[in-house]
Amino acid sequence: AGLVPTSVRPLASTAQESATGGTYPPGSVLLTSFRIEDLVASGGMGSVYRATHLVTGATVAVKTIRPEYAADATMGELFRREAQALRRIAHPAIVRYEGAFSADDGHMVLVMEYVDGPSLTEVLRKGALPPASVLVLRDRLAAGLAAAHREGVVHRDLSPDNVILPGGRIEEAKIIDFGIARQERAEGATLVGGDFAGKLAWAAPEQFGLFGGNVDHRADIFSLGLVLAAAACGRPLEMGASMTRAVLARNNDPDLTPVPAPLRTELARMLRCDPAQRLESMAALLPTESAAATSGARRWRWLAGAAVLVAMAATGISVLEVEKHDHLFGHWLGRSPPTSQPPGVRDAETTRDTAIHKAPPTAGAIEIRYGGSACHGGNDTPCSTGVVTVRHGRAIGSWPAADDRLTNIVEGSIDAGGVLRLRWRRIDASDNLMDQAHLTGTVTDAGLRVAGKWANRGSDVELVWSRLD
C-alpha cells in the first residue's frame, strides 16, 4: 500500500524506522556525502529521510527507492522523469532539485531541498483562510506552476497535501511531489499515458477522459482552483468520492456557493469544466508585475546561474511524501489474456455464458453497462457485484467489496479494434492502495472479457461480464 504522510515531522527513533520498513538508520552515510538524521516517511517502495550534506552542512531531503523496484524498467523511468522534471524548474515555490544518484546497494536516490512545515491540509484543519490570504497563496502557487509549465512540465497531482507551508507561512508555500508529472515535450511523454493520474477530489475533468481527455497545463489550473476553493472554505468542494461520482461531478462547473463572494468570479474562470473555456494560463492569474517577472524568468535563470540557486537555499525547506502513487508504478503485462485459470485460483469474474460477437462500443455517446460477479481472492473469498460503464471509448466503474472494507475502482480505454485496457484498483477508506491489476482483453456490445495479474497477490484475475439491459 502507498504511504500518505500527514505531517513532515520525522519519525523519532530507530525502532520506529525498522517498524515502518526504513533502510538507513540515523548516523549512516549514503553516497559518501549524506548523513541520515531521521526517517520522515516510509512505504512499500521506498523512504524519505532528512539528511545532512557532509560537505556543505545543508539539510536535504533524500528519497530512496528500494532495489527490487529500482530494477523495474517502468519504475526506473518514472523516477528518472521526476528528477528530470525537477532539474528543469528553478523557482522558490517549487521544491529544489539537488541531484539523482544510484547507490551501491541498488537503491535509486533523489536528493532535494528539505522543507520543514505543515502541509496545507494540516493548516486547513484549523479552519478556512481569509480571502486576502487565499490571494497570497494563489500568487505564490500560480507563479511556481507557471515556471513548471514554461518547461513543459504539468504537475497533474496538485492538492493541499502537496503544498507545504514552511513554518506555516503562506507566502513561502512550496509545491512538492512531481512523481506523476507529465512532460509535454515529445521526449518527455508520460509513462501513464491516458490513464487516470491524480487524486479524485482534485483532478480536472480531462484527467477522467472528459472533454477529449487531453491533459495539458490547464489541468493544473483546474486543480489549483479546487485547492484555493478549499482554502477559502476550510474544506474541499464536493467533487465526488467515487470514480463514477467524480466523473458525473465534472460534467458541469463546480458549485461555488460556499466560496466567499469576493473570490467566486476568479475561481469560476479557473474551474470551467471544459478546458477550452478555462483560464488560459497560470500567468494570467498573476498581477501585471508578477506576470512580467514570470515571463522573463527563464532569461533570469540563465543569467543568474549558480548564484541564484545558492541564494534560494537561504529560503530553506522541503519534504517529499513517498509513494502516494504506488498505483502508477505498475505496468501493462503485454501478453494475451489467459484462456483459463490455474487450478485452485478463483479470481475469475463469472458470467461465462456471455456471447461476445458484436462490434465494440467505441463511437459516439453510446453508453453501455456491463456487470458480473467480482472475486478477488482464493476459494474462501466472498464475491461482490460490479458494474462498468462504457461511454465515448472510456470505461469506468466502482463498487464496494463484499466485506465493505475496500472499494473497487475500474477505469480504462478502448481502441478502435475493441481492445480494452483496464486498471482495477482496490483502495481502503483512507484512499490507500491495497492491490491493483492491469487487465487487457476485448469488449463488444454483448460483453467484455479482460485478464491480468494482481500486483501484490501475484495471482491471475479475469473479468468476463455481460451487458446489462
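**Exercise 1. Helix H8**

Task: Which residues of helix H8 (residues 261–270) are buried, and which helices do they pack against?

Solution. In H8, the buried residues are Leu 263, Leu 267 and Met 270. Buried means under 20% relative accessible area, exposed over 50%, and partly exposed in between (1.4 Å probe, protein chains only). Helices (H or I, at least four residues) and strands (E, at least two) are DSSP runs, numbered from the N terminus.

Next, check the direction. An α-helix has 3.6 residues a turn, so residues three or four places apart point the same way.

Now the other side of H8: Ala 261 and Thr 265 are exposed there. Last, the packing. The buried residues of H8 pack against helix H5 (131–150) and helix H6 (217–233). Contact means heavy atoms within 4.5 Å.

A note on the model. It is predicted, with local features needing pLDDT of at least 70 and side-chain atom pairs counting only at pLDDT 80 or more, while totals for chains, interfaces and linings use all residues. Residues are numbered from 1 along each chain as its sequence is written, and side-chain values use heavy atoms, with hydrogens and water left out.

**Exercise 2. The whole protein**

Task: How many helices and strands does the protein have, and what share of its residues is buried?

Solution. Count the elements: 11 helices and 18 strands. Of the 469 residues, 54% are buried. Then take the contacts between residues at least 6 apart in sequence: 61% of them join residues at least 24 apart. Finish with the surface. The accessible surface comes to about 19,300 Å², and carbon and sulfur atoms own 53% of that. These areas come from the Shrake-Rupley method with a 1.4 Å probe; for residues, only the protein chains shown count as cover.

**Exercise 3. Salt bridges**

Task: How many salt bridges does the structure hold, and which parts does the pair Asp 38 and Arg 50 tie together?

Solution. The structure holds 16 salt bridges. A salt bridge is a side-chain nitrogen of Lys or Arg within 4 Å of a carboxyl oxygen of Asp or Glu.

Start with Asp 38 and Arg 50. Their closest N and O atoms are 2.1 Å apart. Asp 38 lies in strand S2 (residues 34–42) and Arg 50 in strand S3 (residues 46–53), so the bridge ties together parts 12 residues apart in sequence. Asp 38 is buried at 13% relative accessible area. Arg 50 is partly exposed at 23%.

Move to Arg 467 and Asp 445. Their side chains meet in a salt bridge at 2.0 Å, N to O. Arg 467 is in strand S18 (residues 460–468); Asp 445 is in the loop between strand S16 (433–443) and strand S17 (447–454), 22 residues apart. Arg 467 is partly exposed at 33%. Asp 445 is buried at 18%.

Then take Glu 462 and Arg 449, a salt bridge at 2.8 Å, N to O. Glu 462 belongs to strand S18 and Arg 449 to strand S17, 13 residues apart. Glu 462 is buried at 3% relative accessible area, whereas Arg 449 is partly exposed at 29%.

Finally, look for shared partners. Arg 96, Glu 98, Glu 113 and Lys 174 are joined into one network by such salt bridges.

**Exercise 4. Thr 52**

Task: Is Thr 52 buried or exposed, and which side chain does its own side chain touch in a polar contact?

Solution. Thr 52 is in strand S3. Its relative accessibility is 13%, so Thr 52 counts as buried. The polar partner is the side chain of Glu 37, at 2.8 Å. A polar contact is a pair of N or O atoms within 3.5 Å; within protein, one must be able to donate a hydrogen and the other to accept it, and residues adjacent in sequence count only if both atoms are side-chain atoms. Beyond neighbours within four places in sequence, Thr 52 is in contact with residues including Ser 33, Phe 34 and Gly 57.

**Exercise 5. Strands S11, S12 and S13**

Task: How many bridges join S11 to S12, and which residue of S13 is the bridge partner of Val 390?

Solution. Strand S11 (residues 367–374) and strand S12 (residues 384–391) run antiparallel, joined by 8 bridges. Two strands pair if DSSP finds at least two bridges between them. Ile 368 stands opposite Val 390 in S12. In S13, Val 390 has Ala 395 as its bridge partner. S12 and S13 run antiparallel with 3 bridges. They form a hairpin with 2 residues between them, and His 392 in the turn has a positive phi of about 55 degrees.
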